[in-house]
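Please keep the structure in view while reading.

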Amino acid sequence: MQPLSIDGAWLAQPPVFPDSRGLFSPWFSGEEFRKATGHDLALRQANLSVSARGVLRGVHFADVPPSQAKYVTCVRGALLDVVVDIRVGSPTYRQWEAVRLDEETRHAVYLSEGLGHAVMALTDDATLLYLCSEGFAPTREHGVHPLDPALGIDWPADLEPLLSDKDAAAPTLAEAEHQGLLPSYADCQAYREQLRSQAG
C-alpha cells in the first residue's frame, strides 16, 4: 500500500494472476494493511454499488469518532475514486486526489476515518465493492456537494454528472464547516492513534 498525497489515504496495487480460466487477485491483505496503517481493519459492513455512466456519488463522510473508514475497489467497468480532505485544521484541508479504479488494474483505495469520499462511474454497470469499519448510521452520515467550486474537483469533462436528490441538496464545504458538520483533523488523528494503540 502506497500513501497518497492526503494523510490517511492509501493506494493498494494487488497482484493479478490471469490464466486460461480467468484470473485471481488478493484485493485485500490484512498483513499489508496493518503494515501501512499500524492497525487492523475492523470489518463491520461490506457494500456493493452499481452505477450507470456519469453517476456521481458523494462527497460522503461520517462523524468522528467512529466515522467510517472504507477500503474500495472496482470489480467491473471503471470509476474515478476521489479522496477529499474535509478535516478542519488539516495541512491539506480542501485538497483532493483522484484515482482511477477499474477491472483491469484491480487497484484499491483506503480512506481512513474523517476523509470525504466520492466516486464517478466512467462506464455503465461500474461496480464498486467496499469494506467498511462501521455500519451505516443515518444520523451520523453527512455530505458535501461534489460540484462545489471551492473544492474544484476535476470531474471528467465529457460526462454529465448524475446526482441523487440527497447529494444535489448537500451543502458546500463552507456551509458544512459553518454548520459544524465537518470533522476536525485533531479528532481524526487522535482516533487513528487510538486504533494503533489498541492494535499493540
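Contact here means that heavy atoms lie within 4.5 Å. The model is a predicted one.

Begin with helix H4, residues 185-199. At 1.5 Å a residue, its 15 residues should span 21 Å, and the end C-alpha atoms are 21 Å apart, which agrees. The buried residues of H4 are Tyr185, Cys188, Tyr191, Arg192 and Leu195. Viewed down the helix axis, these buried residues fall within an arc of 130°, so they line one face of H4. That buried set packs against strand E2 (9-12). On the face turned away from the buried side, H4 carries the exposed residues Ala186 and Gln198. After the helix comes Gly200, with a positive phi near 80°.

Next, consider strand E11 and its partners. Of the 6 residues in E11, 6 are buried, and the strand is mostly covered. Gly116, Ala118 and Met120 point one way from E11, while His117, Val119 and Ala121 point the other way; all are buried. E11 pairs with E6 in the antiparallel sense over 3 bridges, and Arg57 stands opposite Val119 of E11. E8 also runs antiparallel to E11, joined to it by 6 bridges. Here Leu79 stands opposite Ala121 of E11.

The remaining topic is the nonpolar interior. In soluble globular proteins, nonpolar side chains tend to be buried together. The largest nonpolar core of this model has 20 residues, of which Val82, Val84, Val144, Ile153, Trp155, Leu173 and Leu182 touch the most other members. Strands E6 (56-62), E8 (78-84) and E11 (116-121), together with helix H3 (173-178), each supply at least two residues of this core. The strand that gives the most is E8, with 4 residues.

Which residues is Trp155 in contact with, leaving aside its neighbours within four places in sequence? With those neighbours set aside, Trp155 is in contact with Leu56, Leu80, Val82, Ala118, Met120, Pro146 and Leu147. Val82, for its part, is listed among the core residues that touch the most other members.

Methods: Residues are numbered from 1 along each chain as its sequence is written. This is a predicted model: local features need pLDDT of at least 70, side-chain atom pairs count only at pLDDT 80 or more; totals for chains, interfaces and linings use all residues. Side-chain values use heavy atoms; hydrogens and water are left out. The expected span of a helix is 1.5 Å times one less than its number of residues. Buried means under 20% relative accessible area, exposed over 50%, partly exposed in between (1.4 Å probe, protein chains only). The arc is that of the directions from the helix axis to the C-beta atoms. A nonpolar core is a set of buried Ala, Val, Leu, Ile, Met, Phe, Trp, Tyr and Cys residues joined through side-chain atoms within 4.5 Å. Two strands pair if DSSP finds at least two bridges between them.
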